[in-house]
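Here is a quick tour for anyone meeting this structure for the first time.

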Amino acid sequence: TGTNMVNAGDMNGSGNLMDFLDEPFPDVGTYEDFHTIDWLREKSRDTDRHRKITSKSKESIWEFIKSLLDAWSGWVVMLLIGLLAGTLAGVIDLAVDWMTDLKEGVCLSAFWYSHEQCCWTSNETTFDDRDKCPQWQKWSELLVNQSEGASAYILNYFLYIMWALSFAFLAVSLVRVFAPYACGSGIPEIKTILSGFIIRGYLGKWTLLIKTVTLVLVVSSGLSLGKEGPLVHVACCCGNFFSSLFSKYSKNEGKRREVLSAAAAAGVSVAFGAPIGGVLFSLEEVSYYFPLKTLWRSFFAALVAAFTLRSINPFGNSRLVLFYVEYHTPWYMAELFPFILLGVFGGLWGTLFIRCNIAWCRRRKTTRLGKYPVLEVIVVTAITAIIAYPNPYTRRSTSELISELFNDCGALESSQLCDYINDPNMTRPVDDIPDRPAGFGVYTAMWQLALALIFKIIITIFTFGMKIPSGLFIPSMAVGAMAGRMVGIGVEQLAYHHHDWIIFRNWCRPGVTPGLYAMVGAAACLGGVTRMTVSLVVIMFELTGGLEYIVPLMAAAVTSKWVADAFGKEGIYEAHIHLNGYPFLDVKDEFTHRTLATDVMRPRRGEPPLSVLTQDSMTVEDVETLIKETDYNGFPVVVSKDSERLIGFAQRRELILAIKNARQRQDGVVSNSIMYFTEDPPELPANSPHPLKLRRILNLSPFTVTDHTPMETVVDIFRKLGLRQCLVTRSGRLLGIITKKDVLRHMAQMANQDPESIMFN
């Protein structure tokens, strides 16, 4: 049976995989866990599949409809991802809102209402006391009937801490028991997965479920973390789930990566209500391979997701985010100076954060600290809650804090930050509030903000990277917004008290918008930590709707990137990828050393020779022994041990499956059957057992370089083509092999780092 001729279409070695079976046997072409995919191979397999469908579609109407459905499946997947991601984000927002308020009190008319919703439905609410209504009771009012006084404060304080601890404990237990992959922000891993690495279960259904539930719990517990990064992970889990329903994506890892890129865009879109920012974020920060087709699709997915979130309307103000603001005052050229200073602050904070956080995470990995994840979460939550409660700016949820810092002081604001002194003799209308001397409330707010800023800076370093879902965007923005608001109030008071100075002389009233400074500060700090520029500015102006403030935002984002890059090129996500030892070849890294392929390839001098297969002289038993004794991912096939002329490359997994399959299905294949990779079977003695033909699983066009190729070129080839391995030859003879891991090790060695830190194979 096994000797029928290969037709010409299958000569490239990527056609159907078995000779003696028409349909390829299952599992061929899939990869082991923690292995890298071969982009070239995935691409050629997809082209083959496409060719087949196109040629079949001309045969009948039914096949034509099938080909249309296949073409549309990509858009259908995007639609489903957008719908599910938007729904999950809306549910998370609503649940977080309710549970955050649960720490302080409960709504008597309907316990599932948050504080705000409770007072909306009340008839007794006045505009001045819009936060107080009889239906909403603090715990002390409910339990001991006191709303003021020391005993009530202590009881509320105690219950706040207890709720925070129970939320955090529940979250970390769920993560530990059901889905260990649900911890962290998920963006470093998603970057690695999108670059072609396989982490099974990282985007699974359990991870999706547990991450969604625990995200609500940890954000409500008041820890210094955001839900934005994890929402990208959640959206990618949705993407993975839906792509497994369509064979076009489930059977091709390369195509699946395209869906995941678009899902990441949908995640940012619902996290910030910024569809265009999401697409740019996916392009700039997360994706490795981003063809134009993916750009349109991610735009569509982000649009659907934002639309879904908008129809759920979690904040009740028909905005997609909590901190939407509109400023109406112009900004002056002289203000660029404080904006650039905020950029410098953002860059310095980014550097400080990355260094300290990585040092702490490394410590967690290497010492006994890592053995007690639950205890660590409990301790950090307790410290956070105890210090956060007395300060009104840290007690509330971080997004509410950012929202208040971004807000402009209008006539209707009841916030302390807007407590300016009104001069009764002034004839101007009340609307032009800004240029007035600061009152007592503003000074109180200033020192409370300063304390909150120091606290946030320190606690975020220890929070990010614990065994719970934790995003970084919101804490970074809070740090920047606090610093920015303080600078803004400072500039405003300076302009008020010294309006005869040259710089302030031509400013017409009203002068300075402190909220704008908070916005610029937030962008600067976020840029310093993640090193985003374009997508960051777009996200910020979609977030705040301030189109005329693009220049201040760009100035701050670029300054913060320059300052942070001066201290180290890595953003927080790249740093975590390195810390975890993922095999990630960063496109942004330069390789400038003058080494050659021969310096990097295995085997080196003094090592045993390369394990190879010959084209027609090895038996099934020889090959099985070779597979058992080595753990390589594949073997080069040569003409013979003497000539070492290269013919092709056979993947380990496919060899194992082919032999197993042949033994079950094909008569006469025994341990001493000869295996051959040539067109025609070798000349065999009359009584020898039936030979086994494996031409079909042989890759006849493996990627080769010569031994004198500069490593610079090799690194580029690995980066741009997404190779797993590359063979090294000299005048047609096989010398050695370079794998992606060898390249990464070599790069680490050249950068004076420990080459063994790349742990995964």
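Thr614 stands opposite Val638 of E5.

Keep in mind that this is a predicted model.

**The overall picture**

The chain has 761 residues, and buried ones make up 56% of them. Its secondary structure comes to 28 helices and twelve strands. Along the principal axes, the C-alpha trace spans about 115 × 55 × 55 Å. If you take the contacts between residues at least 6 apart in sequence, 73% of them join residues at least 24 apart.

**Two open sheets**

Back to E3 and E5: they belong to an open sheet of four strands, in the order E3-E5-E6-E9, with mixed pairing. Strand E3 (613–614) and strand E9 (698–699) are the edge strands, each pairing on one side only. Helix H26 (residues 652–665) packs on this sheet and touches E3, E5 and strand E6 (646–651). The direction of H26 makes about 75° with that of E6.

Another open sheet has three strands in the order E4-E7-E8, and its pairing is mixed too. Strand E4 (618–619) and strand E8 (692–693) each have a single partner strand, so one side of each is left without a neighbour in the sheet. Strand E7 (residues 674–676) pairs with E8 in the parallel sense over two bridges, and Tyr676 has Lys693 in E8 as its bridge partner.

On the H13 side, the contact residues include Phe353, Ile354 and Asn357; on the H23 side, they include Ile572, Ala575 and His576.

**Nonpolar cores**

Which residues touch the most other members of the largest nonpolar core? Of its 173 residues, they are Phe272, Phe406, Ile468, Met477, Met540 and Ile738. Helix H5 (residues 150–178) gives the most to this core, with twelve residues. A second, separate core has 20 residues, among them Met618, Val620, Ile627 and Ala658.

Leaving out residues up to four places away in sequence, Ile738 touches Ala597, Val600, Met601, Val714 and Phe718, among others.

**Two residues in detail**

Are Ser476 and Thr619 buried or exposed? The table has their values.

| Residue | Relative accessible area |
|---|---|
| Ser476 | 0% |
| Thr619 | 15% |

Buried means under 20% relative accessible area, so Ser476 at 0% is buried, and Thr619 at 15% counts as buried as well.

Ser476 has its place in helix H18 (residues 473–497). Not counting residues up to four places away in sequence, Ser476 touches Trp349, Cys525, Leu526 and Val529. Thr619 is found in strand E4. With its neighbours within four places in sequence left aside, Thr619 is in contact with Ser671, Asn672, Ser673, Ile674 and Met675.

Terms used: Residues numbered from 1 in each chain as written. Predicted model: local features only at pLDDT ≥ 70, side-chain atom pairs only at ≥ 80, totals over all residues. Heavy atoms only, no water. Core = buried A, V, L, I, M, F, W, Y, C linked by side-chain atoms within 4.5 Å. Buried < 20%, exposed > 50% of the residue type's maximum accessible area, 1.4 Å probe, protein only. Contact = heavy atoms within 4.5 Å. Pairing = 2+ DSSP bridges. Axes fitted to C-alpha atoms, helices over the stretch in contact; angles between N-to-C directions.
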